[in-house]
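Work through the two exercises below with the sequence and the 3D structure at hand, and try each task before you read its solution.

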Amino acid sequence: MPRYFIHLAFRGAPFHGWQTQPGAISVQQVLENALSTILRVPTPIVGAGRTDAGVNASMMTAHFDAASAPEPRAVNALVAPHIVVYDIRQVPDNAHARFDATSRTYHYKTVETRTPFLNELTWFTRPLDYKSMNRAAEILLHTEDFTSFAKLHSDAKTNICRVTRAEWIPDPTTGGMTFVITANRFLRNMVRAVVGTLVEVGRGKMTVEDFAHVIEQRDRCAAGTSMPAHALYLAEVTYPY
């Protein structure tokens, strides 16, 4: 049966994360219900990853198998307003949205001015030392073991990741700053823990050397707090085809 990639965005607040779970509404569940209704057969989907409750996605990829692809507008009619499907395209029958992904990029958005239009989509903070935070973030490019930023008691088989980009940049859409991080894979809660520790550097409570030492300790308790989910976005997933 043909396989399709579906490209979509969603706001995380109304959902208990991506993955279907008993007694809670998820993005995966809503999409599967919509596809199954349109195609008139049960249609499971597999996402590129599992976002936690409240985390947004400006671009998520998932795959499903079907005799034919529905129009994005038909899916949107059933899932709006918190989910928007941009594109559905056929891919090789063995393509896999999760296992074939070569990189994933997350954004964490901060602002220093409160606004009712961004309060629920960004994290408000007093001024931070972003130059020092970027010096600390550069260390991530030379790090392999991210145990210090991994959720305790997770089911991850390894804490090894390869980060290829990690920097704070000005964000013209919010007027604030956005942390951009790209890696071949991410551990559960990893980005929020990294940002929380970088914020400690930005507040002057931790030096760049302290940040490096946190990584060396391989101890989640040594790192900073986990940041709120509402300002985190899955921004891009790349594939070799």
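The model is predicted, so local features need pLDDT of at least 70 and side-chain atom pairs count only at pLDDT 80 or more, while totals for chains, interfaces and linings use all residues. Residues are numbered from 1 along each chain as its sequence is written, and side-chain values use heavy atoms, with hydrogens and water left out.

**Exercise 1.** Determine which strands pair with strand 1 (residues 3–10), and whether its faces are buried or exposed.

*Solution.* Step one is to find the partners, where strands (DSSP runs of E, at least two residues, numbered from the N terminus) pair if DSSP finds at least two bridges between them. Strand 1 pairs with strand 3 (residues 56–65) in the antiparallel sense over seven bridges, and tyrosine 4 stands opposite phenylalanine 64 in strand 3. Strand 1 also runs antiparallel to strand 4 (residues 83–91), to which eight bridges join it, and here phenylalanine 5 stands opposite arginine 89.

Step two is to look at the faces, for in a regular strand the side chains alternate between the two faces of the sheet. Arg3, Phe5, His7 and Ala9 on one side, and Tyr4, Ile6, Leu8 and Phe10 on the other, are all buried (under 20% relative accessible area, with exposed over 50% and partly exposed in between; 1.4 Å probe, protein chains only).

**Exercise 2.** Locate arginine 218 and decide whether it is buried or exposed.

*Solution.* Arginine 218 lies in the loop between helix 5 (208–217) and strand 9 (232–238), a helix being a DSSP run of H or I with at least four residues. With a relative accessible area of 52%, arginine 218 is exposed. Leaving aside neighbours within four places in sequence, arginine 218 is in contact (heavy atoms within 4.5 Å) with Asp145, Thr147 and Ser148.
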